[in-house]
Amino acid sequence: MEFKIEEGIILKEAEKGDETLIEDFFDSMGGESRALFNRRDFNRRGVLKFCEKGDKTRRYWLWISEGKMNGYVFFLDYNTSVPSLGIAIRDELRGKGFGMKLITFAQSQAKKEGKGGMILTTHNANIRAQALYEKAGFVCMGSCKNGTELLYLYRYLD
């Protein structure tokens, strides 16, 4: 299933056959992106495993344009009332508002499907992401994971 966010940004659900696009996306990450988002290749392995086997507790939407993956948004623990959100954007496209568009899409999807909110974690050093999440309405709840990550919460208040 595809979702058109705006002209030029169409998200599709990840599926078997997307592995080459996913591999290219993660291979394109610079050192900072790998250190702050894909430590120990955790996120790459997660989406590739999802494409291979599926998993009802996870959701992945890929932003693919002109034959390459420019970013993605995902939920872990989607079977709970407050799933865990993650997003990533190709390095050269950062700072252009695409992250906010992916978060807005995720907020809309989660609300539409009756979720009470969402959580996420980000590395303490990921100042750019922290500013984005706070602009999107997330509230920092404090440190977690031995003080290296911050926990953010977004709740639907209506």
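## The loop between α2 and α3

R40 is placed in the loop that joins α2 to α3. The model described here is predicted. The phi angle of R40 is near 55°, a positive value in a residue other than glycine. Most residues other than glycine have a negative phi. With a relative accessible area of 71%, R40 is exposed, because the cut-off for that class is over 50%.

D41 also belongs to the loop between α2 and α3. Its phi is positive as well, near 60°, and D41 is likewise a residue other than glycine. Is D41 buried, exposed or partly exposed? At 28% relative accessibility, D41 counts as partly exposed, since this class lies between the limits of 20% and 50%.

## Helix α3 and its surroundings

Helix α3 covers residues 42–53. After α3 comes G54, which has a positive phi near 70°.

Which residues of α3 are buried? They are N43, R44, G46, V47, L48, F50 and C51. An α-helix has 3.6 residues a turn, so residues three or four places apart point the same way. The cover over the buried residues of α3 includes α1, α2, β3 and β4.

## E23 in helix α1

Helix α1 comprises residues 19–27, and E23 lies within it. E23 has a relative accessible area of 29% and is therefore partly exposed. When neighbours within four places in sequence are left aside, E23 is in contact with R44 and L48. Both R44 and L48 are among the buried residues of α3, and α1 is one of the elements that cover the buried residues of that helix.

A further relation concerns R45, which stands 22 residues from E23 along the chain. The C-alpha atoms of E23 and R45 are separated by 9.7 Å.

Strand β1 (residues 2–6) pairs with strand β2 (residues 9–13) in the antiparallel sense, over four bridges. Two of the residue pairings can be named: F3 has L11 of β2 as its bridge partner, and E6 has I9 of β2. Two residues lie between the strands of this hairpin, in which G8 takes a positive phi near 90°.

Strand β2 also pairs with strand β3 (residues 59–65), again in the antiparallel sense, over three bridges. Here L11 stands opposite W63 of β3.

E6 lies in β1 and is partly exposed, with a relative accessible area of 31%. N70 is 64 residues from E6 along the chain, and the C-alpha atoms of E6 and N70 are 15 Å apart.

## Helix α4

Helix α4 takes in residues 98–112, which number 15. At 1.5 Å a residue these should span 21 Å, and the distance between the end C-alpha atoms is 21 Å, so the two values agree. G114 follows α4 and has a positive phi, near 80°.

The buried residues of α4 are F98, G99, L102, I103, F105, A106, Q107, Q109 and A110. In this set, each residue has a relative accessible area under 20%.

## The largest pocket

How much space lies in the largest pocket? The volume is about 1,000 Å³. The lining consists of 41 residues, and those nearest the centre of the pocket are F37, I87, T122, N126 and Y133. The elements that supply two or more residues to this lining are α2 (31–37), α3 (42–53), β4 (68–76), β5 (84–89), α4, β6 (117–123) and α5 (127–135). Among these, α5 gives the most, with seven residues.

By class, the lining of the largest pocket comprises 19 nonpolar, 13 polar and nine charged residues. Both α3 and α4, described above, are on the list of elements that give two or more residues to the lining.

Methods
Residues are numbered from 1 along each chain as its sequence is written. This is a predicted model: local features need pLDDT of at least 70, side-chain atom pairs count only at pLDDT 80 or more; totals for chains, interfaces and linings use all residues. Side-chain values use heavy atoms; hydrogens and water are left out. Two strands pair if DSSP finds at least two bridges between them. The expected span of a helix is 1.5 Å times one less than its number of residues. Buried means under 20% relative accessible area, exposed over 50%, partly exposed in between (1.4 Å probe, protein chains only). On a 1 Å grid over the protein atoms alone, a cavity is a set of points where a 1.4 Å probe fits but cannot get out, and a pocket is an open set with protein on both sides within 12 Å along at least five of seven lines; lining residues have an atom within 4 Å of a point. Grid points are joined across faces, edges and corners, and a volume is the space filled by probe spheres set on the points. Ala, Val, Leu, Ile, Met, Phe, Trp, Tyr, Cys and Pro count as nonpolar, Asp, Glu, Lys and Arg as charged, and the others, Gly among them, as polar. Contact means heavy atoms within 4.5 Å.
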